[in-house]
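Biologist: I'd like to learn how to read a model like this one. Could you walk me through it?

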Amino acid sequence: MAFTLGGRVRRLVSATSIHQNGCLHKLQQIGSDRFQLGEAKAIRLLPRRTNMVQELGIREEFMDPNRETETSYDFLDEMRHRFLKFKRQKYLPEIEKFQALAIAQSPKVMVIGCADSRVCPSYVLGFQPGEAFTIRNVANLVTPVQNGPTETNSALEFAVTTLQVENIIVMGHSNCGGIAALMSHQNHQGQHSSLVERWVMNGKAAKLRTQLASSHLSFDEQCRNCEKESIKDSVMNLITYSWIRDRVKRGEVKIHGCYYNLSDCSLEKWRLSSDKTNYGFYISDREIWS
Amino acid sequence: MGNESYEDAIEALKKLLIEKDELKDVAAAKVKKITAELQTASSSDSKSFDPVERIKEGFVTFKKEKYETNPALYGELAKGQSPKYMVFACSDSRVCPSHVLNFHPGDAFVVRNIANMVPPFDKVKYAGVGAAIEYAVLHLKVENIVVIGHSACGGIKGLMSFPLDGNNSTDFIEDWVKICLPAKSKVLAESESSAFEDQCGRCEREAVNVSLANLLTYPFVREGVVKGTLALKGGYYDFVNGAFELWELQFGISPVHSI
């Protein structure tokens with residue numbers, strides 16, 4: 001059931017007086033005097049100084065009620081269909097397991113994967129509900145601790161220290177848009193870097209190594225290599241977190257890397273082992289499944 | 001050896017409960033939790049859980065049952081993706097959108113983080129989320145962004161439990177969950193006397209709303225919503241009751257009145 005959030009959005013915005021972000025402050029100022037609870041669908045949230053006519057184009061086209069309602073109901077129907085399929089095929093047949101899971105989760109694995117729609121780790125690696133705590137971001141990047149907070153490292157901390165997962169898998173894949181953006185980005189740091197470029201520049205070291213080693217290869221082949229190098233960097237960045245490093249050394253957490261090639265459906269995987277003699281780390285147990 | 005420590009532990013617990021009757025409820029809840037954890041752990045073969053074997057088995061099954069039975073789809077996907085949806089879901093192991101909403105490869109660009117939060121636009125601090133939204137909206141041209149919360153969310157529970165007064169007990173978790181502090185304030189203001197679990201349930205839904213509002217701070221999202229090419233939806237997966245709620249953020253310009 002789609003209902004308007006008019007009033008609720010307004011209250012929501014006015015409650016954010018502690019928000020630091022300038023943008024949201026502006027929304028807040030406009031919100032409180034602009035709309036009443038009675039105005040059905042109409043909520044104006046744009047800053048006053050924008051030229052409304054230019055931004056909106058033709059009002060009638062925008063306000064076409066048939067078009068909006070149609071999309072809403074299609075979406076609702078589709079989601080209902082999807083959810084009921086899950087409920088019929090998975091949830092109800094295994095209701096006891098789901099009821100136990102509802103009380104507590106204790107996954108043994110954490111996966112860091114790409115947000116790409118083709119490479120859901122649960123789908124490709126077959127994890128069932130309750131098995132894998134999953135982080136997905138653009139190009140499955142893990143930044144080192146010295147770079148400060150990101151959405152990824154708060155999830156890492158939760159999984160390792162609270163859920164106490166025993167295995168961490170960094171899963172990269174071929175044809176990654178994020179890595180392609182990294183490889184094609186010109187190296188000048190401009191004000192005009194897009195958000196994607198700023199984020200994927202975290203994989204700069206992998207790009208440099210790839211270019212040094214394989215500049216004679218085609219762009220596509222270089223991207224394949226960079227994707228693999230980036231997984232290695234992400235794995236090594238995991239070790240920069242003391243609560244991960246200590247557990248790996250004690251043997252409580254194992255780190256694995258894997259690379260899914262979606263053109264030929266093959267999976268290359270390897271393990272990060274810790275060297276007791278010199279406290280270093282090395283790659284071992286490499287296998288390719290295809 | 002194992003048995004002795006188990007029996008000792010049970011004896012100690014019994015003794016404690018005889019002495020302190022009021023702890024019975026607390027103990028019951030904890031025992032229930034441990035039972036659930038052991039149950040789910042054993043169902044995934046905890047005796048000798050080998051992650052490599054597990055993913056090998058999973059991958060081989062995927063390849064045989066999905067990849068090889070649908071060469072047309074996977075051939076197209078190898079060339080590129082054009083998902084209609086971008087989904088923000090929690091990293092929780094129980095709420096993968098591929099299961100819950102039956103997404104197949106190519107359907108949805110999925111970002112998963114603690115408590116499915118979307119922080120406000122910030123080029124420096126939250127470049128990761130910004131990059132994902134920018135990629136989805138400007139490059140993949142998704143039609144819908146869906147933020148899906150869920151029941152019994154550890155991140156929201158943390159948000160409701162941590163004092164968040166600047167003295168952080170964690171390196172990163174508190175800084176992250178405070179993104180949805182407005183939701184906590186709202187829930188506490190509206191239902192101060194409710195049980196903690198009820199408050200968490202409300203906060204899980206309110207946090208989705210905070211995230212939806214934060215999405216509008218991204219200029220390209222705002223532009224898409226105004227033009228009508230992008231819709232923002234909220235969802236809530238209640239796995240305790242096996243239910244799913246869906247709503248949307250509606251956005252538009254009212255008829256102009258000459259005054």
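This is a predicted model: local features need pLDDT of at least 70, side-chain atom pairs count only at pLDDT 80 or more; totals for chains, interfaces and linings use all residues.

Biologist: What share of the residues in chain B is buried?

Modeller: Buried means under 20% relative accessible area, exposed over 50%, and partly exposed in between (1.4 Å probe, protein chains only). The areas come from the Shrake-Rupley method. In chain B, 56% of the 259 residues are buried.

Biologist: Why is strand E5 of chain A called largely enclosed?

Modeller: Eight of the 10 residues in E5(A), residues 266–275, are buried, so the rest of the structure largely encloses this strand.

Biologist: Which strands pair with E5(A)?

Modeller: Two strands pair if DSSP finds at least two bridges between them. E4(A), residues 254–261, runs antiparallel to E5(A) and is joined to it by seven bridges. E6(A) also pairs with E5(A) in the antiparallel sense, over eight bridges. Look at A:Leu272: it stands opposite A:Ile255, and also opposite A:Ile283 in E6(A). The hairpin of E4(A) and E5(A) has four residues between the strands, and there A:Cys265 takes a positive phi near 50 degrees.

Biologist: Now the charges. How many salt bridges does the structure hold?

Modeller: Side chains of opposite charge can pair when their charged atoms come close. The cut-off for a salt bridge is a side-chain nitrogen of Lys or Arg within 4 Å of a carboxyl oxygen of Asp or Glu. Over all chains there are 27.

Biologist: Why does the pair of B:Lys84 and A:Glu78 join two chains?

Modeller: B:Lys84 and A:Glu78 form a salt bridge, with the closest N and O atoms 3.4 Å apart. B:Lys84 sits in the loop between helix H4 (71–79) and strand E1 (85–90) of chain B, and A:Glu78 in helix H5 (residues 65–91) of chain A, so the pair links the two chains. B:Lys84 is partly exposed at 36%, and A:Glu78 is partly exposed at 22%.

Biologist: Are B:Glu248 and B:Lys233 buried or exposed?

Modeller: B:Glu248 is buried at 8% relative accessible area, and B:Lys233 is buried at 3%. Their side chains meet in a salt bridge (3.6 Å, N to O). B:Glu248 is in strand E5 (residues 243–249) of chain B and B:Lys233 in strand E4 (residues 231–238) of chain B, so this pair ties together parts 15 residues apart in sequence.

Biologist: Which residues gather in the patch of negative charge?

Modeller: Asp and Glu count as negative, Lys and Arg as positive, while His and the chain ends are not counted. Patches take residues with over 30% relative accessible area and no salt bridge, joining like charges within 9 Å. Here A:Asp285, A:Glu287, B:Asp50, B:Glu53 and B:Glu57 gather on the surface. Strand E6 (280–289) of chain A and helix H3 (51–67) of chain B each give two or more residues. B:Glu57, in helix H3 of chain B, is exposed at 52%.

Note on methods
Residues are numbered from 1 along each chain as its sequence is written. Chains are lettered from A and ligands numbered from 1 in the order in which they are written. Side-chain values use heavy atoms; hydrogens and water are left out. Patches are made of residues with over 30% relative accessible area and no salt bridge: like charges are joined within 9 Å, nonpolar side chains (Val, Leu, Ile, Met, Phe, Trp, Tyr) within 5 Å. Accessible areas come from the Shrake-Rupley method with a 1.4 Å probe; for residues, only the protein chains shown count as cover. The place of a charge is taken as NZ of Lys, CZ of Arg, CG of Asp or CD of Glu.
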